[in-house]
Amino acid sequence: MLRFAVPMIVGDLLQQLYNIVDTLIVGQFVGKNALAAVGSSYTLMTFLTSIMMGMCMGSGTVFSINFGKNNAERLKKSIYTSFLLILACTAVLNLAVFLLIDPIMHFLRIPLEVYTLTRSYLWIIFWGIGATFFYNFYASLLRSIGNSVTPLVFLGISATLNIGLDLLLVLTFQWGVAGAAIATVISQIVSGVGIMIYTLIFYPEFHIHKNEKFSEPGLLKEITHFSFMTCIQQSIMNFGILMVQGLINSFGVIVMAAFAAAVKIDSFAYMPLQDFGNAFSIFIAQNYGAKQSKRIKQGIRSAFIITVLFSISVSAIVCIFAKPLLLIFVQPQETNILSIGMQYLWIEGACYFGIGFLFLFYGLYRALRKPGMSVILTIISLGTRVTLAYLLSAIPQIGIIGIWVSVPIGWFLADLVGTFYYHKLKSRQQKEQNVLIS
């Protein structure tokens with residue numbers, strides 16, 4: 001399970017480089033307004049990407065279960081059905097964000113001094129949404145059958161291209177945030193189209209013939225259920241973050257810039273925990289389909305041990321090296337930005353085991369055909385975070401610290417509910433003499 005997860009972890013860390021490189025270059029060479037603009041855009045794009053990623057992850061669970069059952073015909077039909085479904089949703093989403101770009105920016109409370117920069121960056125970035133769909137769909141497909149290396153290769157190529165184009169367009173051509181956005185879109189197209197062509201060439205067994213296109217009864221319903229439940233879980237999580245971003249923007253450009261830099265480090269630090277949770281989900285789903293209860297039990301125990309050890313290590317690194325990490329994005333003379341950013345990292349960084357457990361619960365319940373529970377945990381986590389952020393930050397003596405502390409509180413409350421439900425589910429299965437978890 002860990003060997004399978006490592007390429008996924010490295011791959012998503014490379015994917016994070018898209019916006020991190022943009023943030024680094026514009027923060028160091030363009031200025032704090034550009035840093036604030038790109039940072040606000042990152043939160044919005046994470047939300048939009050989470051919609052497609054959630055649907056692809058949900059479909060991937062169905063792929064994994066059918067792969068575990070060795071049901072090749074149903075696997076092909078599920079691939080065809082989910083591709084058309086998610087493609088249609090992506091097209092609608094892409095059109096909507098172009099039409100609603102200004103209302104979205106007003107919702108995010110983008111300050112006037114960075115409004116034009118943010119709008120310019122977003123307008124270009126939106127052109128890469130389709131490519132992001134292609135990458136996430138085919139990456140989920142390949143991972144569901146045990147191939148986590150190929151998505152990594154394409155991301156490696158794309159991330160390298162993104163860095164080169166950023167240096168060329170921002171530093172040499174001096175196109176500012178527009179150049180950073182163009183570099184990202186081109187790189188996304190390379191990874192999305194590249195992995196699609198690779199899959200079509202090297203996996204002919206997934207090609208569906210004309211007489212196979214019609215789904216069997218219940219398949220569309222199953223795909224839709226898994227895709228939309230996981231999509232809801234992912235989008236609720238990131239919509240909550242988007243609402244918090246709007247609150248942060250109301251504190252001004254300095255806080256926006258500090259959050260923009262700190263959240264990149266934060267995301268980079270706990271991204272391996274999220275990817276390990278996804279790999280864990282695929283492992284459980286395949287063995288659930290194959291009815292391998294012993295491997296499921298072993299996988300659950302191993303996953304929680306690995307999460308604890310990794311969380312402790314990363315928490316120590318982020319807390320100790322908070323300032324040097326921020327200096328990657330922020331110029332040394334920006335002392336206020338550094339101070340606020342360090343405050344955020346010390347609070348969040350000390351609590352990574354909370355979100356690590358939460359990612360495992362998401363993956364476990366998705367794999368056990370209970371994606372609704374993942375949605376409930378997300379609502380608890382994000383509902384707590386958003387509510388407390390708005391309430392606490394309104395108290396003058398607390399201010400922005402209230403935004404930071406609301407995050408781990410939300411994680412831990414969701415973990416408590418996830419643990420309680422796990423024991424309830426285990427007890428129910430033991431009574432039914434259908435023990436798959438322990």
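Asp 102 is partly exposed, at 27% relative accessible area. In this predicted model, Asp 102 pairs with Arg 119 in a salt bridge. The salt bridge count is four. Arg 74, Glu 222 and Arg 369 form a linked network of such bridges.

**Asp 102 and Arg 119**

- The closest N and O atoms of Asp 102 and Arg 119 lie 2.9 Å apart.
- Asp 102 sits in helix 4 (residues 101–107) and Arg 119 in helix 5 (residues 112–125), so their bridge ties together parts 17 residues apart in sequence.
- Arg 119 is partly exposed, with a relative accessibility of 29%.

**Glu 222 and Arg 74**

- A salt bridge joins the side chains of Glu 222 and Arg 74, at 2.8 Å from N to O.
- Glu 222 belongs to helix 9 (residues 219–249) and Arg 74 to helix 3 (residues 72–99), so the pair connects parts that are 148 residues apart in sequence.
- Both Glu 222 and Arg 74 are buried.
- For Glu 222, the relative accessible area is 13%.

**Glu 222 and Arg 369**

- Glu 222 also bridges to Arg 369, with the closest N and O atoms 3.0 Å apart.
- Arg 369 lies in the loop between helix 14 (352–367) and helix 15 (371–393), while Glu 222 is in helix 9, so this pair ties together parts 147 residues apart in sequence.
- Arg 369 is partly exposed, with a relative accessible area of 32%.

Terms used: Residues are numbered from 1 along each chain as its sequence is written. This is a predicted model: local features need pLDDT of at least 70, side-chain atom pairs count only at pLDDT 80 or more; totals for chains, interfaces and linings use all residues. Side-chain values use heavy atoms; hydrogens and water are left out. Helices (H or I, at least four residues) and strands (E, at least two) are DSSP runs, numbered from the N terminus. Buried means under 20% relative accessible area, exposed over 50%, partly exposed in between (1.4 Å probe, protein chains only).
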